[in-house]
Amino acid sequence: MDKRKIDHFLLGAIRKEIGMPSVRYDLTRIKKLERFDFPVDTACFNPVEWLLVEAGDYDLIGDMPNLHTLLFSPAQPFERQALGRLRVNDFSFLRRCKKLKRLDVSATNFSDCRLLLELPALKSAVLPPRSQLTYPEVLEQGGLSAKVRVTPEPTIPVRDVKPPEPERPQFIPMPPGGEADIVLPKPDWRNPKPAPQAAAKPTPKAGAAAEPLQSWNEEAARSREVKKAPNAMIKKLVERYKERTAQKAYSLTIQPEAAPTLFDSKLGGLPYWPQDKPVPVDRSGNPMMLLAQVNFDEAPTAAPLPTKGMLQFFIPQDDDTFGASFGEGQGNFRVVYHETIDRSATREQVAALGIPDSADEAYAYFTPVFRECVLKVEAAESYMPLITDGADAIAKDIARELGMELPNKPLYQALTRGERDYLWDNVPEGRHWMLGYPYFTQYDPRDENSPYDTLLLQIDTDGAGKADYVMWGDAGVGNFFINHEKLERLDFSDVLYTWDCC
């Protein structure tokens, strides 16, 4: 796994918010960062494997899709040098913070005001003194809807805050005649204290049954199990959360043992295609290859999805972005619907039309699907992902209904670790879906007025436990969206296709 760089102060802020992130997915749980006054000292604390501490690197903030508050100002200014500032090597990560509403960079070396124009959700910002800013005219041109406050000029020189110096263990001499394994940080040679004696174990009575021996590890394991065991209240919360957010949808599950045919619902491979239709081509006129197809003749679907025919998703054979439109229409990808399926079609006929087989190794770099695989389509319930806006409020409202007394904090912080684990384990997100709730590793690219209100198809990164089947960049997810009314009319001419990754 490639390591990501992170500054000492940023790592400390993350640790204060959610604890140490064991995997990159943990970053999706971060909604605010406001305690940059507790840097992590790597001499005393070893960060997780995928992080490499490097002063000034704050790029990881851009990988927090739900971040809405970013306040660099210290909670205790006097703990930092007077008017000291955090030095950030590059603020370009702000371009990826599309949900950011509150920003305070007054205690940093921030300068480029143009970056504020790329924050669509920004409501308020606090900036450093005007003498430090570049392109300050952005603040007067009226392009910003956010309230912006510029801090006054400092009266004493500003100094950059440095990362903590590694602490070195202090050598403590051992007392004469002392044991080599005894450490006395403040030895008192005049009044040495005797070592505590271990309590004597009672001698079992004659004829009494011997008690079973139990190792410390067994006791510790049992203790952990008790702590992790969810209580009845959190189970009820999960049940009611599912009831309140459930939506009818269809799950698509990879069938590893099934041999794909031309007519299966599947990912990748050679598609079904009738002889009397023109082959879908990309902007350069080259035939496209199959990303996925769903056979509704064999799927238990109902309106608004088709109940018969075949729906297919094509991408170009030489595009390293997998043909994603990101809102630019179907110029470099295509969604095609066949009302009927001609069962007389053969693989040889389709291959003769020039349609490439995406399972061929020659196209491996240009598709997220590693191998052709059959999909099983089943009716299922989709639940609102816990990282979705509004999910936290719903869960806390249910908690109040159940009489759970939670502190006034985000749900992730208000619950115990065992409760959080149970909640996240039992409200699954991601996977392959049609309809239901979409999932994103970064953020939803649609705005509030987007016409693409329905999830047509979601294909998630999928390792299936034994082998890799799908990989979008760095463990991402791909989504196709459509307008609900157009879906009801089976009009697939206007579809939004996008994907993101960690």
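Colleague: What are the ground rules here?

Modeller: This is a predicted model: local features need pLDDT of at least 70, side-chain atom pairs count only at pLDDT 80 or more, and totals for chains, interfaces and linings use all residues. Residues are numbered from 1 along each chain as its sequence is written, and side-chain values use heavy atoms, with hydrogens and water left out.

Colleague: How many helices and strands in the protein chain?

Modeller: Eight helices and 19 strands. These are DSSP runs numbered from the N terminus: helices are H or I with at least four residues, strands E with at least two.

Colleague: And what's the accessible surface of the protein chain?

Modeller: About 27,500 Å², with 50% belonging to carbon and sulfur atoms. That is Shrake-Rupley with a 1.4 Å probe; for residues, only the protein chains shown count as cover.

Colleague: Which strands make up the open sheet with parallel pairing?

Modeller: Five, in the order S2-S4-S6-S7-S8. Strands pair if DSSP finds at least two bridges between them. S2 (32–33) and S8 (147–150) are at the edges with a single partner strand each, so one side of each has no neighbour in the sheet.

Colleague: How many bridges join S2 to S4?

Modeller: Two, and the strands run parallel. Leu 33 has Leu 70 in S4 as its bridge partner.

Colleague: Which way do S18 and S19 run, parallel or antiparallel?

Modeller: Antiparallel, with six bridges joining S18 (residues 477–482) to S19. Ile 482 is bridged to Val 495. S18 also pairs with S17 in the antiparallel sense, again over six bridges. There, Gln 458 partners Asn 479. S17 (residues 454–460) has seven of its seven residues buried.

Colleague: How many aromatic pairs does the structure hold?

Modeller: 17. Rings of Phe, Tyr and Trp (its six-membered ring) pair if their centres lie within 6.5 Å; planes under 30 degrees apart are stacked, over 60 edge-to-face, the rest tilted. Take Tyr 337 and Phe 492: the centres are 5.6 Å apart and the planes at 50°, so the pair is tilted. Tyr 337 is in strand S14 and Phe 492 in the loop between H8 and S19, 155 residues apart. Both are buried.

Colleague: Which residues do ring pairs link into a cluster?

Modeller: Phe 313, Phe 322, Phe 333, Trp 472, Phe 480, Tyr 497 and Trp 499.

Colleague: Which charges sit over rings?

Modeller: Among them, the charged end of Arg 343 is over Phe 263, 4.8 Å from the ring centre. Arg 446 lies over the face of Phe 481, at 4.0 Å. The test is NZ of Lys or CZ of Arg within 6 Å of the ring centre and within 35 degrees of the ring normal.

Colleague: New topic. Where is Asn 66?

Modeller: In the loop between S3 (51–53) and S4 (69–71). Asn 66 is buried, at 5% relative accessible area. A polar atom of its side chain lies 2.8 Å from the backbone oxygen of Thr 28. The side chains of Asn 66 and Lys 99 make a polar contact of 3.2 Å. A polar contact is a pair of N or O atoms within 3.5 Å; within protein, one must be able to donate a hydrogen and the other to accept it, and residues adjacent in sequence count only if both atoms are side-chain atoms.

Colleague: Last one. How many residues of H1 are buried?

Modeller: Nine of the eleven, so H1 (residues 8–18) is largely enclosed by the rest of the structure. At its start, a side-chain oxygen of Asp 7 comes within 2.7 Å of the backbone nitrogen of Phe 9. After H1 comes Gly 19, with a positive phi near 85°.

Technical notes
Buried < 20%, exposed > 50% of the residue type's maximum accessible area, 1.4 Å probe, protein only.
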